[in-house]
Amino acid sequence: MLTIVEAAAAIRARRLSPVELTDRCLAAAAQLNPVLHAFNVIAADEARAAARTAERELMQGHDRGPLHGIPYGIKDLFAVKGTPTTWGCKDFENRVIDVDAEVHVRLREAGAVILGKTNLSEWANFRSPHSTSGWSARGGLTRNPYALDHNASGSSSG
């Protein structure tokens, strides 16, 4: 497993491509998400397209900065145009917003590659009985990847 700094260095040194890194992350998400419940939405096609764009830009000498080609997951509290934004709530399962949250805009402009939307406590509400558990009706209980008998806790559990 690479840190973001190590992955960015490997991409710049052309020892690792954004496409390869994204594929590795998507494979890990597909394998682990049924157990961890870290993602509410995995946007594999969009991630691969963004990774191909990042790779092409980097090969042409256009480096947007240290996050260019780095995959990430965004909390399902933030809008990503064309992708469900549920706030961990089943009532919003089909709620698609037609604008992007500023944080996503900035990450996209930096060349980062969105993998999908991460799980969170339902409604991201600190007053909810589930706010400290990381449980939501939409995504279930997010497990700690280092200790599966523990939950990841908190509003940003995914």
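Which elements each supply at least two residues of the lining of the second largest pocket? I took this up in a predicted model.

**Entry 1: the pocket**

I looked up the lining and found that helix 3, helix 4 (102–109) and strand 3 each supply at least two of its residues. Helix 3 gives the most, with 5 residues. I noted a volume of about 280 Å³ for this second largest pocket. Its lining has 20 residues, and those nearest the centre are Ala50, His104, Arg108, Ala112 and Ile114. I sorted the lining by class and got 7 nonpolar, 6 polar and 7 charged residues.

**Entry 2: the length of helix 3**

I turned to helix 3, which covers residues 44–59.

I listed the buried residues of helix 3: Ala47, Ala51, Ala54, Glu57 and Leu58. Looking down the helix axis, I saw that they fall within an arc of 125 degrees, so they line one face of the helix. I then looked up what these buried residues pack against, and found helix 1 (4–12), helix 2 (18–36) and strand 3 (113–118). On the face turned away from the buried side I found the exposed residues Asp45 and Met59.

**Entry 3: after the helix**

I followed the chain past the end of helix 3. Just after the helix, Gly61 takes a positive phi of about 90 degrees.

Note on methods. Residues are numbered from 1 along each chain as its sequence is written. This is a predicted model: local features need pLDDT of at least 70, side-chain atom pairs count only at pLDDT 80 or more; totals for chains, interfaces and linings use all residues. Side-chain values use heavy atoms; hydrogens and water are left out. Helices (H or I, at least four residues) and strands (E, at least two) are DSSP runs, numbered from the N terminus. The expected span of a helix is 1.5 Å times one less than its number of residues. Buried means under 20% relative accessible area, exposed over 50%, partly exposed in between (1.4 Å probe, protein chains only). The arc is that of the directions from the helix axis to the C-beta atoms. Contact means heavy atoms within 4.5 Å. On a 1 Å grid over the protein atoms alone, a cavity is a set of points where a 1.4 Å probe fits but cannot get out, and a pocket is an open set with protein on both sides within 12 Å along at least five of seven lines; lining residues have an atom within 4 Å of a point. Grid points are joined across faces, edges and corners, and a volume is the space filled by probe spheres set on the points. Ala, Val, Leu, Ile, Met, Phe, Trp, Tyr, Cys and Pro count as nonpolar, Asp, Glu, Lys and Arg as charged, and the others, Gly among them, as polar.
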